[in-house]
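Visitor: Hi, I'm new to this one. Could you show me the structure and walk me through a few spots?

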Amino acid sequence: LAATEETAPRLNRLDLAQWLVSPGNPLAARVTVNRAWQAFFGTGFVKTAEDFGVQGEPPSHPELLDWLATEFVASGWDVKALHRRIVTSATYRQSSRVTPARYERDPENRLLARGPRQRLASWMIRDHALAVAGLLNETRGGPAVKPYQPVGIWEEATFGKKTYRQDHGDALYRRSLYVFWRRIVGPTTFFDAGARQTCTVKVARTNTPLHALVTLNDPAFVEAARVMAQRVIASAATDVARVNTAFRLATGREAAPAELTILSTRLSRWRAQYTADRDAARELTAAGEAPRIESLDPVEHAAWTALCSLILNLDETLSKE
(Lines give C-alpha, C1' and ligand atoms only; values in the text may rest on other atoms or scores of the structure.)
Protein backbone atom coordinates (compact mmCIF):
# COMPACT_ATOMS: atom_id res chain seq x y z
CA LEU A 1 0.00 0.00 0.00
CA ALA A 2 2.84 2.38 0.87
CA ALA A 3 4.53 1.67 -2.43
CA THR A 4 1.30 2.29 -4.30
CA GLU A 5 0.83 5.65 -2.58
CA GLU A 6 4.39 6.65 -3.43
CA THR A 7 4.09 5.78 -7.14
CA ALA A 8 0.54 7.13 -7.69
CA PRO A 9 0.41 10.53 -9.40
CA ARG A 10 -0.45 13.46 -7.19
CA LEU A 11 -3.58 15.10 -8.56
CA ASN A 12 -4.43 18.76 -8.05
CA ARG A 13 -7.17 21.20 -8.97
CA LEU A 14 -5.71 21.73 -12.42
CA ASP A 15 -6.08 18.02 -13.12
CA LEU A 16 -9.71 18.23 -12.00
CA ALA A 17 -10.35 21.22 -14.29
CA GLN A 18 -8.75 19.43 -17.25
CA TRP A 19 -10.84 16.35 -16.58
CA LEU A 20 -14.04 18.41 -16.41
CA VAL A 21 -13.53 19.80 -19.92
CA SER A 22 -11.88 16.75 -21.49
CA PRO A 23 -13.57 15.22 -24.58
CA GLY A 24 -14.14 12.08 -22.55
CA ASN A 25 -16.40 13.88 -20.09
CA PRO A 26 -19.50 15.27 -21.86
CA LEU A 27 -21.19 16.51 -18.69
CA ALA A 28 -19.70 20.03 -18.57
CA ALA A 29 -20.61 20.74 -22.21
CA ARG A 30 -24.13 19.41 -21.79
CA VAL A 31 -24.74 21.44 -18.63
CA THR A 32 -23.44 24.61 -20.29
CA VAL A 33 -25.55 24.09 -23.43
CA ASN A 34 -28.61 23.32 -21.33
CA ARG A 35 -28.23 26.57 -19.37
CA ALA A 36 -27.79 28.55 -22.58
CA TRP A 37 -30.95 26.97 -24.01
CA GLN A 38 -32.76 27.75 -20.76
CA ALA A 39 -31.70 31.40 -20.99
CA PHE A 40 -33.24 31.76 -24.45
CA PHE A 41 -36.29 29.49 -24.16
CA GLY A 42 -37.11 29.72 -20.46
CA THR A 43 -36.72 25.96 -19.96
CA GLY A 44 -33.71 23.83 -20.77
CA PHE A 45 -33.68 20.48 -22.55
CA VAL A 46 -33.33 19.12 -19.04
CA LYS A 47 -35.95 21.01 -17.06
CA THR A 48 -34.15 20.39 -13.78
CA ALA A 49 -31.09 22.46 -14.73
CA GLU A 50 -29.87 22.28 -11.14
CA ASP A 51 -29.89 18.44 -11.20
CA PHE A 52 -28.40 16.46 -14.06
CA GLY A 53 -28.29 13.30 -11.97
CA VAL A 54 -30.47 10.20 -12.07
CA GLN A 55 -33.16 12.00 -10.05
CA GLY A 56 -33.38 14.86 -12.55
CA GLU A 57 -35.74 15.02 -15.49
CA PRO A 58 -34.58 13.33 -18.73
CA PRO A 59 -33.86 15.72 -21.64
CA SER A 60 -36.77 16.53 -23.93
CA HIS A 61 -34.51 16.42 -27.02
CA PRO A 62 -31.48 14.26 -26.12
CA GLU A 63 -30.08 14.09 -29.66
CA LEU A 64 -30.18 17.86 -30.07
CA LEU A 65 -28.58 18.38 -26.67
CA ASP A 66 -25.78 15.95 -27.55
CA TRP A 67 -25.20 17.56 -30.95
CA LEU A 68 -25.03 21.08 -29.56
CA ALA A 69 -22.68 19.92 -26.80
CA THR A 70 -20.43 18.21 -29.34
CA GLU A 71 -20.36 21.29 -31.56
CA PHE A 72 -19.67 23.46 -28.52
CA VAL A 73 -16.58 21.45 -27.60
CA ALA A 74 -15.42 21.25 -31.24
CA SER A 75 -15.63 25.06 -31.50
CA GLY A 76 -13.17 25.43 -28.65
CA TRP A 77 -15.90 26.14 -26.10
CA ASP A 78 -16.94 29.25 -28.02
CA VAL A 79 -19.90 30.60 -26.05
CA LYS A 80 -20.62 33.37 -28.56
CA ALA A 81 -20.80 30.83 -31.39
CA LEU A 82 -23.17 28.69 -29.29
CA HIS A 83 -25.49 31.62 -28.69
CA ARG A 84 -25.38 32.58 -32.37
CA ARG A 85 -26.26 29.02 -33.38
CA ILE A 86 -29.29 29.04 -31.07
CA VAL A 87 -30.70 32.48 -31.92
CA THR A 88 -30.27 32.02 -35.69
CA SER A 89 -32.02 28.64 -35.67
CA ALA A 90 -35.46 28.19 -37.22
CA THR A 91 -36.68 26.96 -33.83
CA TYR A 92 -35.83 30.18 -32.04
CA ARG A 93 -37.10 32.43 -34.85
CA GLN A 94 -40.60 30.95 -34.84
CA SER A 95 -43.59 33.07 -33.90
CA SER A 96 -44.65 32.75 -30.28
CA ARG A 97 -48.32 32.79 -31.23
CA VAL A 98 -50.17 29.66 -30.19
CA THR A 99 -53.68 28.29 -30.60
CA PRO A 100 -55.68 27.26 -27.52
CA ALA A 101 -55.51 23.61 -28.60
CA ARG A 102 -51.73 23.64 -28.96
CA TYR A 103 -51.31 25.50 -25.69
CA GLU A 104 -53.44 22.93 -23.88
CA ARG A 105 -51.32 20.15 -25.35
CA ASP A 106 -47.94 21.77 -24.64
CA PRO A 107 -48.25 24.73 -22.20
CA GLU A 108 -44.51 24.85 -21.45
CA ASN A 109 -43.45 24.57 -25.12
CA ARG A 110 -41.37 21.48 -24.44
CA LEU A 111 -42.06 20.32 -28.02
CA LEU A 112 -40.56 23.58 -29.37
CA ALA A 113 -43.49 24.10 -31.72
CA ARG A 114 -43.39 27.88 -31.21
CA GLY A 115 -40.91 30.61 -30.40
CA PRO A 116 -40.19 31.57 -26.79
CA ARG A 117 -42.04 34.32 -24.97
CA GLN A 118 -41.06 35.14 -21.40
CA ARG A 119 -40.72 38.01 -18.97
CA LEU A 120 -37.30 39.63 -19.05
CA ALA A 121 -35.07 39.28 -16.02
CA SER A 122 -35.05 42.31 -13.71
CA TRP A 123 -31.47 43.27 -14.61
CA MET A 124 -32.42 43.25 -18.29
CA ILE A 125 -35.45 45.45 -17.60
CA ARG A 126 -33.26 48.00 -15.80
CA ASP A 127 -30.69 48.07 -18.60
CA HIS A 128 -33.43 48.35 -21.21
CA ALA A 129 -35.04 51.33 -19.46
CA LEU A 130 -31.68 53.10 -19.19
CA ALA A 131 -30.87 52.39 -22.84
CA VAL A 132 -34.24 53.64 -24.09
CA ALA A 133 -33.76 56.85 -22.12
CA GLY A 134 -30.26 57.29 -23.52
CA LEU A 135 -28.75 57.05 -20.03
CA LEU A 136 -26.99 53.68 -20.19
CA ASN A 137 -23.27 53.92 -19.47
CA GLU A 138 -21.67 51.21 -21.61
CA THR A 139 -18.14 51.55 -20.21
CA ARG A 140 -16.57 48.12 -19.80
CA GLY A 141 -14.74 46.98 -16.70
CA GLY A 142 -13.98 48.84 -13.54
CA PRO A 143 -15.22 48.65 -9.95
CA ALA A 144 -18.77 47.84 -8.89
CA VAL A 145 -21.24 50.71 -8.54
CA LYS A 146 -24.01 51.52 -6.07
CA PRO A 147 -27.05 53.03 -7.80
CA TYR A 148 -30.33 54.20 -6.25
CA GLN A 149 -31.65 52.14 -3.34
CA PRO A 150 -34.23 52.83 -0.61
CA VAL A 151 -32.74 54.22 2.59
CA GLY A 152 -32.03 51.78 5.41
CA ILE A 153 -31.97 48.47 3.51
CA TRP A 154 -28.41 47.57 4.44
CA GLU A 155 -28.74 48.99 7.93
CA GLU A 156 -31.77 46.87 8.70
CA ALA A 157 -30.16 43.68 7.37
CA THR A 158 -26.87 44.24 9.22
CA PHE A 159 -28.22 45.71 12.48
CA GLY A 160 -26.74 49.07 11.57
CA LYS A 161 -23.21 47.78 10.98
CA LYS A 162 -23.13 48.48 7.23
CA THR A 163 -24.22 51.72 5.57
CA TYR A 164 -25.11 52.03 1.90
CA ARG A 165 -23.43 54.98 0.21
CA GLN A 166 -24.98 55.70 -3.16
CA ASP A 167 -22.76 56.64 -6.09
CA HIS A 168 -23.38 59.65 -8.29
CA GLY A 169 -22.87 60.76 -11.87
CA ASP A 170 -22.26 58.21 -14.63
CA ALA A 171 -21.90 55.41 -12.05
CA LEU A 172 -25.69 55.48 -11.55
CA TYR A 173 -26.24 54.40 -15.13
CA ARG A 174 -23.75 51.58 -15.53
CA ARG A 175 -24.99 48.23 -16.77
CA SER A 176 -26.55 45.96 -14.16
CA LEU A 177 -23.56 43.64 -14.50
CA TYR A 178 -21.53 46.15 -12.45
CA VAL A 179 -24.06 46.79 -9.66
CA PHE A 180 -22.62 45.99 -6.23
CA TRP A 181 -24.04 42.95 -4.42
CA ARG A 182 -23.96 42.21 -0.73
CA ARG A 183 -24.50 38.56 -0.08
CA ILE A 184 -27.24 38.92 2.53
CA VAL A 185 -29.14 41.68 0.73
CA GLY A 186 -29.10 42.15 -3.04
CA PRO A 187 -29.94 45.28 -5.04
CA THR A 188 -33.60 46.12 -4.57
CA THR A 189 -34.15 46.64 -8.32
CA PHE A 190 -33.31 42.97 -8.93
CA PHE A 191 -36.60 41.67 -7.59
CA ASP A 192 -36.33 38.19 -9.16
CA ALA A 193 -32.68 37.45 -8.40
CA GLY A 194 -31.77 34.33 -6.48
CA ALA A 195 -30.34 34.41 -2.98
CA ARG A 196 -26.57 34.81 -2.87
CA GLN A 197 -26.10 32.36 0.02
CA THR A 198 -26.39 29.42 -2.39
CA CYS A 199 -25.75 28.90 -6.11
CA THR A 200 -28.90 29.40 -8.19
CA VAL A 201 -28.89 28.14 -11.77
CA LYS A 202 -32.60 28.60 -12.48
CA VAL A 203 -34.03 31.98 -11.48
CA ALA A 204 -37.81 32.25 -11.29
CA ARG A 205 -39.47 34.85 -13.53
CA THR A 206 -42.01 37.01 -11.77
CA ASN A 207 -45.03 39.16 -12.56
CA THR A 208 -45.93 40.01 -8.98
CA PRO A 209 -47.01 43.31 -7.39
CA LEU A 210 -43.40 43.70 -6.23
CA HIS A 211 -42.35 43.76 -9.88
CA ALA A 212 -44.75 46.61 -10.68
CA LEU A 213 -43.81 48.42 -7.48
CA VAL A 214 -40.21 48.62 -8.71
CA THR A 215 -40.79 49.40 -12.39
CA LEU A 216 -43.38 52.09 -11.62
CA ASN A 217 -41.85 53.73 -8.55
CA ASP A 218 -38.14 53.03 -8.19
CA PRO A 219 -36.06 56.21 -8.74
CA ALA A 220 -34.07 54.53 -11.52
CA PHE A 221 -37.21 53.82 -13.56
CA VAL A 222 -38.91 57.13 -12.84
CA GLU A 223 -35.74 58.95 -13.86
CA ALA A 224 -35.47 56.82 -17.01
CA ALA A 225 -39.04 57.76 -17.93
CA ARG A 226 -38.29 61.45 -17.29
CA VAL A 227 -35.17 61.49 -19.45
CA MET A 228 -36.91 59.40 -22.10
CA ALA A 229 -39.65 62.04 -22.15
CA GLN A 230 -37.04 64.73 -22.86
CA ARG A 231 -35.72 62.62 -25.73
CA VAL A 232 -39.22 62.04 -27.13
CA ILE A 233 -40.26 65.70 -26.91
CA ALA A 234 -37.15 66.72 -28.84
CA SER A 235 -37.72 64.08 -31.52
CA ALA A 236 -40.76 65.59 -33.26
CA ALA A 237 -43.20 68.50 -33.28
CA THR A 238 -46.54 66.67 -33.06
CA ASP A 239 -48.03 64.49 -30.35
CA VAL A 240 -48.71 61.60 -32.72
CA ALA A 241 -45.12 61.50 -33.94
CA ARG A 242 -43.77 61.74 -30.40
CA VAL A 243 -46.04 58.97 -29.12
CA ASN A 244 -44.95 56.77 -32.00
CA THR A 245 -41.29 57.50 -31.25
CA ALA A 246 -41.71 56.58 -27.59
CA PHE A 247 -43.51 53.37 -28.48
CA ARG A 248 -40.90 52.39 -31.06
CA LEU A 249 -38.01 53.09 -28.68
CA ALA A 250 -39.50 50.76 -26.05
CA THR A 251 -40.97 47.96 -28.16
CA GLY A 252 -39.04 48.09 -31.43
CA ARG A 253 -42.11 48.52 -33.64
CA GLU A 254 -44.53 51.19 -34.82
CA ALA A 255 -47.68 51.67 -32.76
CA ALA A 256 -50.97 50.55 -34.30
CA PRO A 257 -53.65 53.22 -34.89
CA ALA A 258 -55.73 51.93 -31.97
CA GLU A 259 -52.68 52.02 -29.70
CA LEU A 260 -51.87 55.58 -30.78
CA THR A 261 -55.41 56.64 -29.94
CA ILE A 262 -55.29 55.09 -26.46
CA LEU A 263 -51.89 56.58 -25.64
CA SER A 264 -52.84 60.02 -26.97
CA THR A 265 -55.97 59.98 -24.82
CA ARG A 266 -53.91 59.13 -21.73
CA LEU A 267 -51.49 61.95 -22.58
CA SER A 268 -54.36 64.46 -22.69
CA ARG A 269 -55.61 63.30 -19.30
CA TRP A 270 -52.17 63.68 -17.74
CA ARG A 271 -51.84 67.16 -19.20
CA ALA A 272 -55.09 68.12 -17.51
CA GLN A 273 -54.04 66.46 -14.25
CA TYR A 274 -50.67 68.22 -14.04
CA THR A 275 -52.11 71.54 -15.18
CA ALA A 276 -54.30 71.38 -12.08
CA ASP A 277 -51.35 70.36 -9.88
CA ARG A 278 -48.17 72.03 -11.04
CA ASP A 279 -46.35 71.15 -7.81
CA ALA A 280 -46.80 67.46 -8.60
CA ALA A 281 -45.49 68.12 -12.09
CA ARG A 282 -42.36 69.79 -10.74
CA GLU A 283 -41.79 66.96 -8.27
CA LEU A 284 -42.05 64.31 -10.98
CA THR A 285 -39.75 66.12 -13.38
CA ALA A 286 -37.11 66.50 -10.66
CA ALA A 287 -36.71 62.73 -10.17
CA GLY A 288 -33.15 61.47 -10.31
CA GLU A 289 -29.82 63.20 -10.76
CA ALA A 290 -29.72 63.39 -14.57
CA PRO A 291 -29.83 67.01 -15.77
CA ARG A 292 -33.26 68.35 -16.67
CA ILE A 293 -33.84 70.63 -19.64
CA GLU A 294 -35.03 73.69 -17.78
CA SER A 295 -36.67 75.23 -20.84
CA LEU A 296 -39.30 72.47 -20.84
CA ASP A 297 -42.68 73.34 -19.37
CA PRO A 298 -43.04 71.20 -16.18
CA VAL A 299 -46.63 70.30 -17.04
CA GLU A 300 -45.73 69.11 -20.54
CA HIS A 301 -42.65 67.32 -19.28
CA ALA A 302 -44.58 65.58 -16.49
CA ALA A 303 -47.32 64.44 -18.85
CA TRP A 304 -44.80 62.88 -21.21
CA THR A 305 -42.90 61.37 -18.30
CA ALA A 306 -46.06 59.61 -17.14
CA LEU A 307 -46.73 58.38 -20.66
CA CYS A 308 -43.17 57.08 -21.04
CA SER A 309 -43.48 55.29 -17.70
CA LEU A 310 -46.67 53.64 -18.96
CA ILE A 311 -44.94 52.52 -22.16
CA LEU A 312 -41.94 51.18 -20.24
CA ASN A 313 -44.36 49.06 -18.18
CA LEU A 314 -46.28 47.56 -21.09
CA ASP A 315 -46.26 43.76 -21.17
CA GLU A 316 -44.71 43.91 -24.63
CA THR A 317 -41.87 46.07 -23.30
CA LEU A 318 -41.19 43.82 -20.33
CA SER A 319 -41.32 40.55 -22.29
CA LYS A 320 -38.98 38.91 -24.78
CA GLU A 321 -40.83 37.69 -27.83
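This is a predicted model: local features need pLDDT of at least 70, side-chain atom pairs count only at pLDDT 80 or more; totals for chains, interfaces and linings use all residues.

Visitor: Okay, which residue does Asp-297 form a salt bridge with?

Guide: Asp-297 pairs with Arg-278, and their closest N and O atoms are 3.2 Å apart. A salt bridge here is a side-chain nitrogen of Lys or Arg within 4 Å of a carboxyl oxygen of Asp or Glu. Residues are numbered from 1 along each chain as its sequence is written, and side-chain values use heavy atoms, with hydrogens and water left out.

Visitor: Is Arg-278 buried, exposed or partly exposed?

Guide: Arg-278 counts as partly exposed because its relative accessibility is 36%. Buried means under 20% relative accessible area, exposed over 50%, and partly exposed in between (1.4 Å probe, protein chains only). Asp-297 is partly exposed too, at 35%.

Visitor: How many salt bridges does the structure hold?

Guide: There are 17. Another one joins Asp-315 to Arg-119, with the closest N and O atoms 2.8 Å apart. Asp-315 sits in helix H15 (residues 315-318) and Arg-119 in strand E1 (residues 118-119), so that pair links parts of the chain 196 residues apart. Helices (H or I, at least four residues) and strands (E, at least two) are DSSP runs, numbered from the N terminus.

Visitor: And why does Arg-119 count as buried?

Guide: Because its relative accessible area is 13%. Asp-315, at 37%, is partly exposed.

Visitor: Switching topic: at what angle do helix H9 and helix H10 pack?

Guide: About 45°, with the axes of H9 (residues 209-217) and H10 (residues 219-235) 5 Å apart. That makes H9 oblique to H10. Axes are lines fitted to C-alpha atoms, for helices over the stretch in contact, and angles run from 0 to 180 degrees between N-to-C directions. Under 35 degrees is roughly parallel, over 145 roughly antiparallel, 65 to 115 roughly perpendicular, and the rest oblique.

Visitor: Which residues form the nonpolar patch on the surface?

Guide: Leu-16, Trp-19, Leu-20 and Val-21 do, with about 380 Å² of accessible area together. Such areas come from the Shrake-Rupley method with a 1.4 Å probe, and for residues only the protein chains shown count as cover. Patch residues have over 30% relative accessible area and no salt bridge; like charges are joined within 9 Å, nonpolar side chains (Val, Leu, Ile, Met, Phe, Trp, Tyr) within 5 Å.

Visitor: Where does Val-21 lie?

Guide: In the loop between helix H2 (13-20) and helix H3 (27-41). Val-21 is partly exposed, at 42% relative accessibility.
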